[in-house]
Amino acid sequence: MVLLLLVNRFRTSRRDATKGGEVRLHRLHRGARFRGAAGLRAPSMQPQRGSSSADGAGPAWMVMGKGAGPSVAAAARILAALIYLFPAVSLQCKILKCNSEFWSSTSASGSEMDFCIALRAYNTCVRRTARTCRGDLAYHSAQHGIEDLMGQHNCSKDGPTSQPSQTRRGSQDPLPPPDSQERSDGPEICHYERSFPRHSAPPNYTHCGFFGDPHLRTFSDDFQTCKVEGAWPLIHNKYLSVQVTNVPVLPGSATTATNKITIIFKNFQECVDQKMYHAETDELPAAFADGSKNGGDRHGANTLRIVEKQPGQHVEIHARYIGTTIVVRQVGRYLTFAIRMPEEVVNSQEEKDDHGLYLCRDGCPLSQRIDLSSAKDGRGSAGEGGPPSRGFTYQSAMAACKVRLPVEDLYFHSCVFDLITSGDVSFTMAAYYALEDVKMLHSDKSKYHIFERSWPVSSSVPGKPLARALCFVNFLAVVLWIQYCSLHL
């Protein structure tokens, strides 16, 4: 009944505004089943026991029509009304926030360009809610409404975006900052370095990196190459948890690479609310999962911030309240992770911590480690003992890696390993950026480059030291034989 009233009201307002323009409402996906929809509907929408629609979802609506100006606001109001019909949406689902921001940004008249910018921002906001709102009718209704409005106004999905509240250019009032709750400063406890007594020794910072096929540099500067397929914890302490998900680089290959990273910043006194950051391949957001860019509503919220360095490729998260900096990149099809964290924070533990395995602290299990030198004789290639993929030999891989990594350290050899095992040249840049992140985040300049003593260093005359040793052994054998003969003959 409420839906019919809304439809009639919309038809009347649209007829007055556009002088006879047509608006048609199409019912979409009648009886569609949405995973997890049960429990998210409002009590008034629950079907009666025994009803034939017990396992179906309510109707979804999409606005269609022609024209601009008043129809934009009317279409937005219909989307908003539909979503507000379902007040039982989970608190974790932020679809209502996305809708209200879009509605407010289009309530005043503006150009088609302004509307398209707001619509793209709305689309981005809705996409970020995909995980928490999947199965929610309001979420799916918003998706279809966006597609229809994109078509009506010839808006491209690719183009400039901004927060909906920033797209109103008709107002003379200054635009609010990206996060209106940000503070210019916060309590002393929310600044890690300021919390130390004056003239005390500075904190000892450590670094962990995870990149490539994948290669791990632990907080203790151990360098390992690992399999670790699936979800694995990198870090877990009182303040922060980080988990990565790795998938095989090639079918049947033991080598994997990272396609998902999840970071959870835990509540901390009056500084920050709990925040989650989630990145996937081709989805490197410049905001936390709730759409914010800082630590929330507390006084020290500005001590946790996300900074987008390069859209879709490079994001930094600065958590000053724990003296921590995190760098997340997408290089090629996969993600890389790097962190700078005080040793005190690294070793902090929760009371009920089970002392589990955390890769940045403990390294990879022995059963999950791969010999980096296996790529040289083909044991690390795709399949068991198969030929190097895409034609990379040991020598050609070395030549390709030398361009970006002139020092033959473990970053160089990890690049060689990745090219031979995957044939993906983007791993060259992954190793390069991993080393650049070390230079930015590591506190000890002498440890930027790390070397494996047993790793052979290339030479213009391979095997020359071995040849000298063999000559010496032969010479010694001849001398001993001469001495033996002179004594017995």
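Biologist: Is Asp221 buried or exposed?
Modeller: Asp221 is buried, with a relative accessible area of 18%. Buried means under 20% relative accessible area, exposed over 50%, and partly exposed in between (1.4 Å probe, protein chains only). This is a predicted model, where local features need pLDDT of at least 70, side-chain atom pairs count only at pLDDT 80 or more, and totals for chains, interfaces and linings use all residues. Residues are numbered from 1 along each chain as its sequence is written, and side-chain values use heavy atoms, with hydrogens and water left out.

Biologist: Where is Asp221 found?
Modeller: In the loop between β4 and β5 (223-226). Strands (E, at least two residues) and helices (H or I, at least four) are DSSP runs, numbered from the N terminus.

Biologist: What is the phi of Asp221?
Modeller: Near 65°, a positive value in a residue other than glycine. Most residues other than glycine have a negative phi.

Biologist: And what about the phi of Asn154?
Modeller: Positive too, near 55°. Asn154 sits in the loop between α6 (137-152) and β3. Asn154 is exposed, with a relative accessible area of 69%.

Biologist: New topic. Which peptide bond joins Asp213 and Pro214, cis or trans?
Modeller: Cis, with omega about -15°. Most peptide bonds are trans. Pro214 lies in the loop between β3 (205-211) and β4 (215-217).

Biologist: Now Glu436. Where is its place?
Modeller: Glu436 is in helix α11 (residues 426-441). Glu436 is partly exposed, at 29% relative accessible area.

Biologist: What separates the C-alpha atoms of Glu436 and Tyr448?
Modeller: A distance of 9.1 Å. Along the chain, Glu436 and Tyr448 are 12 residues apart.
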